[in-house]
Every structure is written in structure tokens, then in C-alpha cells.
Amino acid sequence: MTVFSAALGSVGLTPANASGGDMVFAPSASEFTLDNGMRVVVIPDRRAPVVTHMIWYKVGAADEAPGESGIAHFLEHLMFKGTEANPGDTFSQTIAQLGGTQNAFTSYDYTAYFQRIAVEHLPLMMQMEADRMKNLVLSDDVVSSERNVVLEERASRVDNDPSAQMRETYAATFFQNHPYGVPIIGWRHEIEDLSREDALAFYARYYTPENAILVVAGDVDEDAVRGLAETHYGVIPPRDGAVTDRRRPREPEPVAERRVELRDARIAQPLLQIGYLAPSYTLSDDATTPPALDVLAHYLGDGATSHLYRTFVHERRTAVSVGAFYNGSSLDHGGFYFFAYPAEGVTSQELEAEIEAELARVLADGISEDDVERAKRNLIAQTVFAQDSQASLARIFGSSLAVGEDLSDVQQWPSRISAVTADQVIAAARAVIQPHRAVVGLQLPQAPEAPAPADG
């Protein structure tokens, strides 16, 4: 569950008991389900009279129909366009006037909306969020205008950014069959065709209470949240049959290395990336493999004390930065990735060969128990730091439940990491890091033009 690593106590944990064992993450968190099927998670955090209110819909870019890429993200934009009770930007203006903050985001597996505000305004947040769950109003003019906004967003963030173009192309190469290879923002030509009818159909199918998770973190308790949730969300009837099982195409097992190379005059620093398809926490057939991959990523490439960083940046000085990370928090397939920036005078190809040779050595020799124990301690300590942020607490639980995990899966994650052995780490590494399974990406400066041949 790499959300812990990404979201780096105060809710029942302290650094003194961060060594693993039976440690529980956010032990006071609890959950219940409303009669209409909506799940509710409550995370008490009494340090300040504020609350983070989040709605997670179990739908993202990977759930879109073929030819409608970008519709999940597009609808996220449109959700701020108002209802009859709260027309236009009333929702946003109200939060601003009350001194709160808000935002939303779309991923491949979920779409989330959140507000952080003084706790006395929680009833109003629920009232307004419940209103736009069922009463969104869209006109053709609003849809047309917002579609142009999304197209401009794509132009500025992707089409005019070679690094973003590389990420998009790399993902499309990494996932040959699964929709994780389609950009969340959508392909430009498909965004241009998205209509009001498309948006409303997507909204009607997926924005339902039985497809939503409410997470409330802050100066609250379960009884208070339950009463408010039943009042505001519980009255929304489920739309029976609107949501089907989330069955997506499976990615085939890789059989040959794939390579992507992008050259652009705007690129100043070359970048090498190597990725391998990996099981996620929810998709793995073996419960020990995902936590072992989390430990492996931390040992190999998480920060300046990691093995690869010390080897290539401090000792050999063939890279200015190098790292590794495991994306195991997806509903479907995960990935294990390496990235490196070559030092001056070192080509990307030379650094690639060095990294591959070092990885082969690690796979052959194994990893010591001491190194594994150190990586586990550091990973578990990060769960303590994550609890210093109310928003991180809400995000960790919401994202995990949205991809099919349970409350206990999140709370017991430190214990699962603590139980990982060195043998499990190297076994997971050998299963995932194989040459024929690699997807290599090279982001390079534009090659200089060859000199014209001399006359005569």
C-alpha cells in the first residue's frame, strides 16, 4: 500500500512503538454503511476544531467506455457547475466565505471531492455535496465552455510538455491491453467529441450512493457523523442496476522487452526509466508479494540512503539521481519502476547497462536480513508521520477502500510490512524484475543535426 510512502503519532501511535508487530494504523477509525449502500468512514482527530470531508466515487478513467477517454475527468470539472439549489459557483463561493478549502481529483480507479473546514460547517458540507450527488444541472453552453477548459489544460500540461508526453507514451506502451494505458485527461480527439449527453449518462450511472464512500476525518465521532450522514446522504435512493461490476481487460504477461524513446530540443536533462508489470495489493494471488515489493522499493531506491542512490550517486557518480518505487495501490495491475538521471559525461545507455548489472547482482546475491529490517522500520515509521496530516488520513483510507480494500487492510498494513522476510523480498524481486518483462523509456535532448557533406 504505497499510499503510506506517498503520504508521509497522533491517533494512537508514537515513534516509540513504530517497530511493527501488532501496530495498528489509525486504530480509532471506524466505518458503517447507510441503508442505501453508501459506506462511511470516520477518523477522529481532536487536535484542532476542523474537519476534512471527502466523497470518493468508485469510478475513474479506467472505467470509461472505449472512445470516451477523459469523461471521468471532464465530469469532475462539471460537478462544480451547480444545481438548482446551489447554482453556478455557489458551492465554491460558500466554502471560500467560510474560510475553508476544497478541491477534487480524478485517478484511474476513483474520483474524489473534498473540503477542509471548521467542524461547525460539516452539516452544510454534507448538505451541499449530497445535493450535487443527485441534482447536477448542465446546459450545452456550460458543457461546451468547460470542454474548452479541459482542452486548454491538456495543451498546457501535456501537449506542450515533452516530459508529460513521455509519461503518456510510456504508459500506453507499458499497458498494451489494460485501460491504465489511456491518459486520465483523455486523448485530445476524444475529448473534443464529449457531449452533455455523455456527461449526464456517466453521472447517472456512477454518481450514486451505493457507489460512493464518505470519509470524515477531524474533530468528530462516529455517532455525530452517522446522524449527519443519514440526514443528508441516507435519503438519496440507490439507483439499482446503475453500477455494474468493475470488470476490465487484463494485461497479458509480458514476453518481450519494449522500448520508448522521445527526443525534444526542450529536454535539458536525460531521463531513464525502467518498469515491470507487478501485482497490486488487490490483484495479487499471494498476500506476501505486495508488502515484499514495498520493502524492496524502499531498500533499492527510496531516498538518498537507498542502495541504488548510494551506489550510483555517491560511489560511482554515474547518476545525479536514481530511485525506485512500487505502485501497488491500484484496483488492477501494479508496477515496479526505476528512474535515473545520468551524470554529465554518462549516456543513458551506459547508465542503463550499469543499473541492469547491479540489479542482476542483487537478484543473484540476495538482500541481507539487516537491510530488510532497516527498510521495514523506515516504512513503518512513515505510517506515524502520515497521521500528522488529517487530509492524509482521509486520503489513505478513501483511496484504499475505493480500490476494494477493507478498513482492516489499511489498519493492519504496518503489521504486514513487519512480517516480511528477506526471502520473501528476493523472491518477489526475482518474479517481477526479469529482462523480458522490462519496459524501458529514454527521454533525451534532440540529437544534433549531422553536418552537411563537404563539396568535392
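Mentor: The largest cavity in this predicted model has a volume of about 40 Å³. A cavity is a set of points on a 1 Å grid over the protein atoms alone where a 1.4 Å probe fits but cannot get out, while a pocket is an open set with protein on both sides within 12 Å along at least five of seven lines; lining residues have an atom within 4 Å of a point. A volume is the space filled by probe spheres set on the points, which are joined across faces, edges and corners. Residues are numbered from 1 along each chain. Local features need pLDDT of at least 70, side-chain atom pairs count only at pLDDT 80 or more, and totals for chains, interfaces and linings use all residues; side-chain values use heavy atoms, without hydrogens and water.

Around the largest cavity lie Met79, Gly82, Thr83, Asn86, Phe91, Met128, Asp131 and Arg132. Helix α4 (residues 122-134) gives the largest share of this lining, three residues.

The second largest cavity has a volume of about 30 Å³. Its lining includes Phe174, Glu251, Tyr276 and Arg437, and strand β8 (residues 271-278) supplies the largest share, three residues. Helices (H or I, at least four residues) and strands (E, at least two) are DSSP runs, numbered from the N terminus.

The largest pocket has a volume of about 1600 Å³. It is lined by 48 residues, of which Tyr108, Arg167, Ala171, Ile184 and Asn327 are the closest to its centre. The largest share of this lining, nine residues, comes from α6, which spans 162-174.
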